[in-house]
Amino acid sequence: MKLHPLFIVSFFIVHCFIVHCSFFIVMPALDLALSQFQKSFHSSPQFIVRSPGRVNLLGEHVDYNDGWVLPVAIDRATYLAARKRDDDQLSIIAVDLDSHIQLPTSNFELPTWSRYPCGVAHVLREANLNVSGIDCAFSSDVPRGAGLSSSASVELAFAVAWQKLGEWSLSKMELAQLCQKAENEFVGVNCGIMDQFACAHGEIDHALLLDCRSLEWTPVPLPQGVAVVIADTTKRRELGKSEYNNRRAACEEASRLLGIKALRDISLEEFNKREHLLPPLIAKRARHVVEECDRTLMAVEALKRNDLESFGHAMNESHRTLRDLYEVSCMELDAMVSAAQSLEGCYGARLTGAGFGGCAVALVDASVAKDFEHELAKRYEKATGLKAEIYVCKASEGANILSDPSDPKGL
Ligand code: GLA
């Protein structure tokens with residue numbers, strides 16, 4: 001049979017259209033985890049865990065100084081589809097990285113990402129908790145290396161899955177602490193508790209005020225009419241691990257020289273009097289922490305009485321000391337933050353998370369949020385030549401098992 005040339009041409013056009021379009025269709029992380037699970041393990045999972053990332057509104061680099069932090073669990077998350085195995089094998093697929101490990105039988109060098117689930121398995125076993133064999137696949141829409149706690153969200157997802165499979169029950173704080181231990185010991189980042197805490201405890205429409213010493217926390221309602229905007233510079237973190245650990249060491253040195261347990265134990269007034277006891281670089285680092293502790297507590301009170309101007313001012317000040325004293329910003333973050341601060345409707349903006357690249361966060365009048373997103377992207381691109389990813393985030397629930405996988409957001 002001879003095909004009509006018109007048929008061939010139209011077939012070609014339709015085919016190109018389909019290929020071109022499907023190229024741009026991104027499958028949601030939940031579907032990716034689920035479909036990969038079904039493909040690899042030829043059955044449906046027993047359950048799916050959703051574990052969010054977080055954005056921190058205020059209290060940066062103070063968690064390991066026993067200070068106060070104000071993170072929000074966001075509507076971007078890791079999804080883990082899992083079922084129990086009869087043996088003790090861990091068969092884990094990282095869908096986004098197209099990588100599959102099988103333990104203990106894998107005899108090749110393990111990929112870096114496997115430190116997160118394997119670290120969690122190890123600390124759970126050390127705590128005498130049953131870590132059963134598992135078949136699982138996970139995928140995440142929390143961008144990696146962007147300061148939104150993609151690692152903590154993976155850690156919590158696995159801790160919650162093993163809790164379910166092992167039929168034991170720890171508090172959310174205990175799970176968070178074990179995941180923090182896994183990150184300290186297996187990933188080598190000497191992080192504080194903030195990220196794992198936020199991923200575990202997230203509450204819809206709330207920020208979470210945590211005292212990192214007593215571990216007491218209270219949900220703080222996000223005011224109506226305000227949008228929390230995440231602005232990803234798309235510049236990924238560099239030298240994060242070593243620089244982060246250096247900052248922590250500098251704070252510990254400052255506490256030692258000041259004769260206090262942690263930097264949260266000195267008031268700003270007292271620090272002003274005794275700062276001269278510290279070498280200049282250590283004094284700079286410590287000043288950021290002392291000021292940040294002070295302003296976080298004041299700003300939370302402002303947020304509670306709906307004083308968004310004062311809260312926004314504290315965010316701007318936080319960025320200033322993170323940039324000039326703690327020196328964890330970079331050109332891209334500074335460009336994003338100053339563009340955001342110059343726009344109408346923006347109460348305040350700052351880098352969020354560890355810094356050295358990643359995201360900024362801005363508090364914006366909800367009625368102008370769309371224009372703000374658009375204008376910010378334009379100004380950032382003009383300043384840096386980079387395309388930003390900017391979106392309004394919603395405060396969501398902490399890590400949990402999805403009761404209804406067709407409602408993936410935990411919202
Ligand atoms: C990282 C760490 C947290 C915290 C922040 C900075 O996200 O994991 O523990 O120290 O940096 O506030």
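Student: Is Arg248 buried or exposed?
Tutor: This is a predicted model. In it, Arg248 counts as buried, because its relative accessibility is 17% and the cut-off for buried is under 20%.

Student: Where does Arg248 sit, and what is it in contact with?
Tutor: Arg248 is in helix H7, residues 240-258. Beyond its neighbours within four places in sequence, Arg248 is in contact with Tyr64, Asn190, Cys191, Gly192 and Tyr326.

Student: New topic. What is the strand order in the open sheet?
Tutor: The order is S5-S4-S6-S3-S1-S13, with mixed pairing. Strands S5 (99-103) and S13 (400-401) are the edges, each pairing on one side only.

Student: How many bridges join S1 to S3?
Tutor: Nine, and the two strands run antiparallel. Arg50, for instance, has Tyr79 in S3 as its bridge partner.

Student: Which helix lies across S1, S3, S4 and S6?
Tutor: Helix H2, residues 29-41, running at about 150° to S6.

Student: What about aromatic rings? How many pairs?
Tutor: Six aromatic pairs. One is Phe37 with Phe41: the centres are 4.8 Å apart and the planes are at 55°, so the pair counts as tilted. Both residues are buried.

Student: Why are Phe37 and Phe41 about one helical turn apart?
Tutor: Because they are four residues apart in helix H2.

Student: And how are the rings of Phe197 and Trp217 placed?
Tutor: Edge-to-face, because their planes are at 70°; the centres are 5.7 Å apart. Phe197 is in helix H6 and Trp217 in strand S8, 20 residues apart. Phe197 is buried at 0% relative accessibility, while Trp217 is partly exposed at 28%.

Student: Which residue lies over the face of Tyr391?
Tutor: Arg76, at 4.0 Å from the ring centre.

Technical notes:
Residues are numbered from 1 along each chain as its sequence is written. This is a predicted model: local features need pLDDT of at least 70, side-chain atom pairs count only at pLDDT 80 or more; totals for chains, interfaces and linings use all residues. Side-chain values use heavy atoms; hydrogens and water are left out. Two strands pair if DSSP finds at least two bridges between them. Contact means heavy atoms within 4.5 Å. Axes are lines fitted to C-alpha atoms, for helices over the stretch in contact, and angles run from 0 to 180 degrees between N-to-C directions. Buried means under 20% relative accessible area, exposed over 50%, partly exposed in between (1.4 Å probe, protein chains only). Rings of Phe, Tyr and Trp (its six-membered ring) pair if their centres lie within 6.5 Å; planes under 30 degrees apart count as stacked, over 60 as edge-to-face and the rest as tilted. A charge sits over a ring if NZ of Lys or CZ of Arg is within 6 Å of the ring centre and within 35 degrees of the ring normal.
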